[in-house]
Amino acid sequence: SIYEMAGNECCLSTGEVIKVIGFKINKLIASICENNEVSRFSAKVELPLNFPGLFKIVADKTPYVSIEEITTKVSIGPKRFVHPCFYSPEDIKLANFTIKHGEQITFNSVEEVNGVMVVNCGVVRNNQSHSFTLPLSHEGKFYECEDDQIYTLKEIAEWKIPKCRSRIVKLSNTFHSWDSSNPLPENFDGCLILTPVYEVQAVMKFRKEIVHILSDLDVEVKDITEYYDTSSFLQPLSLEDVFERTSKEFPMAAEIVEGPSGSHKTCSLMCTGKEIIIYKKYQATRVLASEIRSDSPKRHFLIPMSYKGKFKRRPRKFPTAYDLEVARSGKEQLHIVATKAFDSPHIELFSVSVGDQFLVQQCQTREVFYEERKTLIDVLACEQILSDTYKKVLLPMYLEGGFVEVIHDKKQYQLSEICKEFCLPFNVKVSVRDLSVEEDVLAAVPGLQFEEEITDSYLLVSTANSPVDLWEIPVYRVSMSVHLLSKDVQAAIPPETKATVEEISEEQYYMVRRYENQTLHPPPRPPKTPT
């Protein structure tokens, strides 16, 4: 019979052998949640995995009863940010270590040690990390810890929904303003219970493509794994699977089993059935840049270090005196002009008027009178620029005003020069476009903020019939499956590699900042007004 469900068509005949290669969440059914239960007045809505929003996860109140249950239901490493955290309501005594009740335990990976399956775990005490293992056979209640990260719906579906459980999430914010196509109520900022709908990914003996079968398809099957030679089936690999192969296995020939989805330029070249050559895997540096604009949405870019255009500096804006201290560098003195007035509550410190100009010096600690008592506060030493002289002044570090940088540097910089000579974030505008490409997307952007350098994972690929044209495929932003071919491939790599500026979506922007730079933390809050 031929089954067609939600656009997925497949023919399943009686006696046909199917090899199941995976399970994947196809969509999520959401219900408005009140007190961890579905609201009586809530209608169920279907949320696509590309829903334009960010969510916080609400910790599951139902405990797991063993380490083995956690490993079978929860995603645990080795991929980045797949290290779930749990706590035990009771002390756990190990051979030379005791885990205290309520202490956060990070589950890093699962492996076999001396014939016993264990989980590599860690706790942090007094800023010191302690590593240990827990066997899968260990029983006891384990509760999920609170998670302060924000996630896209796609990330939650891939990593954060335990098998056989639903997931409660709280909407943090949406990428776009609400419109009639949004399935959630207008201005909704509450919690949702997400129930996954799975699809089975399978291959058939005489078909090359991957077959997607919805899990609610009414068909009877029998497990014959022990009695069948599964090596005769196609073995599709994701780009992540290919990247995990050893460097000695490259170059390799492959056929695209399932074409890529995504906005990357190479997606149009890599269609299903095309043969490609994968020359090598590697990591490359990119500069993450965002368009400077007051309204949203902003455009985001990943710029390769080989970019041949030139940039001129643009003024930075600083909301507080603390931001001035963070931006201060030894290379040049920071010249700023005030855009907002500030009246200091301390006679020892300076009150700022709109238009005042300063040269930023350094951070100091100063004793001031506040509410008839002396107190120590952090201050920023500056020189006020007057018409014919300079005046030394002190600004409270908690000053919430507004400052704009005055740029004296008219030099044009290459991207590599900016990364070498200045601290990011850094504001620029393209002054000379990259003439090596037909269209330079950065040239039309009125201003860019270089936010940080990131290290990204790539595969170097060409089509089999045109090995001269090489493309970099970002492993974690292009979703496609390939089947390796038993063909000899010349090891020589053509010299010309096309590393292009990649425009990424808001969703990908958050994923890049979190996954590719694990040391990224929000900047510290400026000091508060003394109390």
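Guide: Let's start with a pair of residues: Val-287 stands opposite Ile-303 in S22. Before we go on, a word about what you're looking at. This is a predicted model, where local features need pLDDT of at least 70 and side-chain atom pairs count only at pLDDT 80 or more, while totals for chains, interfaces and linings use all residues. Residues are numbered from 1 along each chain as its sequence is written, and side-chain values use heavy atoms, leaving out hydrogens and water.

Now back to our strand (strands are DSSP runs of E, at least two residues; helices are runs of H or I, at least four; both are numbered from the N terminus). Strand S21 covers residues 275-291, and twelve of its 17 residues are buried, so the rest of the structure largely encloses S21. Here "buried" means under 20% relative accessible area, "exposed" over 50% and "partly exposed" in between, with a 1.4 Å probe and protein chains only.

So who sits beside S21? Strand S22, residues 300-304, pairs with S21 in the antiparallel sense over five bridges. Strand S31, residues 448-463, also pairs with S21 in the antiparallel sense, over 15 bridges. Two strands count as paired if DSSP finds at least two bridges between them. In general, strands of a sheet pair through backbone hydrogen bonds, either parallel or antiparallel.

The protein chain has six helices and 35 strands. Of its 531 residues, 43% count as buried. Look at contacts too (heavy atoms within 4.5 Å): among those between residues at least 6 apart in sequence, 68% join residues at least 24 apart.

Val-197 is found in strand S17, residues 191-204. Val-197 and Leu-28 are 169 residues apart in sequence, yet 5.9 Å apart in space, C-alpha to C-alpha. Leaving aside residues up to four places away in sequence, Val-197 touches Lys-24, Ile-25, Asn-26, Lys-27 and Ile-29.

Last stop, the cysteines. Cys-121 is buried, with a relative accessible area of 2%, and Cys-382 is buried, with a relative accessible area of 2%. A search of the whole structure finds zero disulfides, meaning pairs of cysteine sulfur atoms within 2.5 Å.
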